[in-house]
Amino acid sequence: MSHTPGSGTAGEHTRAVSLPEAPVPAERPMRMPVHRATTYAFDTSQGFADVLAGARDGYSYARIDSPTVDAFADAVAALEGAGLPDRVRGQAFASGMAAISTVLLALTESGAHVVASRSIYGNTHSLLDRLLRRFGVRTDFVDITDLDAVRAVVTPDTRVVFTETLSNPAMTVSDLPGLARISREAGAALVVDSTFASPAVCRPLEFGADVVVHSATKYLGGHSDTTGGVAVASPELIERIRSARIDLGPCLAPDEAYLLHRGLETLPLRVARQCATASAFAAALEGHPSVARVDHPSLVAHPEHDLAGKLFDEGRYGAVVTVHPRGGRDDGMAFADRLRVATIAASLGGTHTLAGHVASTSHRNMTEAELTAAGISPGAVRFSIGLEDPQDLIDDALAALDGGN
Ligand SMILES: *Cc1c(COP(=O)(O)O)cnc(C)c1O
C-alpha cells in the first residue's frame with residue numbers, strides 16, 4: 001500500500017489501520033476473488049473525478065459499481081445473450097423483486113401504461129396493481145396467450161409489455177416472438193421474467209424481448225442459499241436501468257454475487273437434469289386414476305407444447321410440474337403431506353425437490369372462482385423438481401397418491 005506509513009514514527013492507531021494485506025497475486029487465481037470494499041483509492045484527485053464523471057471506467061463506490069457484483073451480472077448477460085449478434089449487458093440486484101421494480105421504474109413515468117400477464121408472480125402483480133398505480137402508472141392484466149387481447153389494450157402510452165417465459169403454476173408458455181412484434185409496433189419494451197426457465201432453457205432476447213429479468217434466488221443460484229436478482233438488456237436500456245438502480249439503491253452484496261456466480265457454472269448441468277426428471281415425473285403421473293391433470297409443457301396435452309418446442313432448448317421444458325389430484329383442497333394438502341422425498345416448502349430451482357399446495361400458498365389471495373378461471377384446481381400441488389434420482393421422486397408421488405408413504 002503506497003500510503004502506508006512505516007513503523008517507527010506512526011502512532012498505534014495509524015499502524016493498526018495500515019497493516020499488511022494480501023497482495024494482488026501475479027498468478028491468476030482459479031477462483032474469482034470477492035471484492036468487499038465499499039470504496040476505492042485513487043492516486044490523484046483528477047483520477048477520482050474522472051471515474052465519478054464516467055470519463056474513464058473504474059470503481060469508486062460499491063453501490064455504483066462493484067467488481068464481484070458486475071462479474072455476476074456480466075456472466076448472466078453472457079448466458080442470455082449467447083445467440084445474439086450484439087453485446088448485451090447486465091445489472092445485478094439484491095433480489096428478483098428489486099430487479100423487477102427497478103426495471104419498471106426505469107421504463108415508466110406518471111401517465112404511462114403497462115400491459116401485463118394476468119398470471120404473473122404475486123408480488124409483481126401487486127407492485128403494478130397497487131404501488132405503481134399510486135404513482136400514475138396504469139396496468140391492464142390480460143390473458144397473455146391471447147395476442148388479440150394484448151393488442152386490444154395497447155395504447156400510445158404503453159411503455160412496457162410484461163410477461164413470464166413460463167408462468168406459475170400452469171407452466172403457461174408466452175409467445176415471445178408474437179409479443180415482441182406487438183411491443184415493437186407499440187413502441188413499448190417487452191420485459192420478460194425468465195426465472196422459471198433460466199437461460200439453460202430459453203433466452204428471450206433471442207426472440208425479441210428487450211429486457212430479461214430473473215430472481216437469481218431460484219435456478220441461477222441453484223442452492224436455496226442466496227437472494228438476488230438480475231436484469232439483462234441492450235447497453236442503452238441497461239444504462240437507464242443502472243441509473244435507476246443507483247438512485248434506488250437495491251444493490252447486490254459481493255458475497256452473494258460470488259455465490260450466484262459460482263452457481264452459474266453448474267446451471268446447464270443442474271437444469272438439464274431437473275428438466276429431464278420433470279418430464280419423466282409429469283409423464284409418470286399423467287393418467288394416474290387419482291390425477292385429473294398434470295401441467296408441464298413436455299406433455300402433448302399441454303396447450304403450449306408445440307410453442308415450447310420452438311422456443312426452448314431441445315428436451316428442456318422447465319422443471320416445475322403442477323399436479324391436480326382429484327378431489328378438493330383437503331385431498332391436495334393430504335397428498336403433499338404424504339410425500340417423503342419431496343419437501344413442503346416455498347421457492348424453486350434448488351437441489352431439493354419442493355412441493356407446495358397452490359391454493360393455500362402462492363395463490364391464497366384468489367377466490368375459488370378466480371382459481372377455477374385460472375385453471376387451478378382446489379387440490380393442485382406444485383413441484384419444483386430437484387436433483388434426486390427420478391425414480392425415487394416418481395415412487396414417492398405415486399405412493400402419496402395411493403394414500404401410502
Ligand atoms: C421468486 C420470484 C420472483 C421474486 O424474486 P425474489 O428473489 O424473491 O425477490 C419474481 N418472479 C418470479 C417468477 C419468481 O419465481
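**The ligand shell and the aromatic pairs**

The shell around the ligand is made up of five nonpolar, six polar and three charged residues. The model is a predicted one. There are 14 residues around the ligand, and those that come nearest are Met97, Asp193, Ser215, Thr217 and Lys218. Helix H4, residues 96–107, supplies three residues of the shell, the largest share.

Now the polar atoms. Aspartate 193 places a polar side-chain atom 2.7 Å from a nitrogen atom of the ligand. Glycine 96 uses its backbone: an N or O atom there lies 2.9 Å from a ligand oxygen atom. Threonine 217 uses its side chain, with an N or O atom 2.7 Å from an oxygen atom of the ligand. How much of the ligand does the protein bury? Taken alone, the ligand exposes 390 Å², and the protein buries 89% of that.

Next, the rings. The structure holds four aromatic pairs. One of them joins tyrosine 40 and tyrosine 59. Their ring centres are 5.7 Å apart and their planes meet at 40 degrees, so the pair is tilted. Planes under 30 degrees apart would count as stacked, and planes over 60 as edge-to-face.

Where do the two tyrosines sit? Tyrosine 40 is in the loop between helix H1 (12–16) and helix H2 (45–53). Tyrosine 59 is in the loop between H2 and helix H3 (67–80). The pair therefore ties together parts that are 19 residues apart in sequence. Tyrosine 40 has a relative accessible area of 22%, so it is partly exposed. Tyrosine 59, at 31%, also counts as partly exposed.

Elsewhere, ring pairs link Phe281, Phe335 and Phe383 into a cluster.

Methods:
Residues numbered from 1 in each chain as written. Predicted model: local features only at pLDDT ≥ 70, side-chain atom pairs only at ≥ 80, totals over all residues. Heavy atoms only, no water. Near = heavy atom within 4 Å. Polar contact = N/O pair within 3.5 Å; in protein donor to acceptor, adjacent residues only side chain to side chain. Areas by Shrake-Rupley, 256 points an atom, 1.4 Å probe, with all protein chains shown as cover. Helix = DSSP H or I, 4+ residues; strand = E, 2+ residues; numbered from the N terminus. Nonpolar A, V, L, I, M, F, W, Y, C, P; charged D, E, K, R; others polar. Phe/Tyr/Trp six-rings, centres within 6.5 Å; stacked < 30°, edge-to-face > 60°. Buried < 20%, exposed > 50% of the residue type's maximum accessible area, 1.4 Å probe, protein only.
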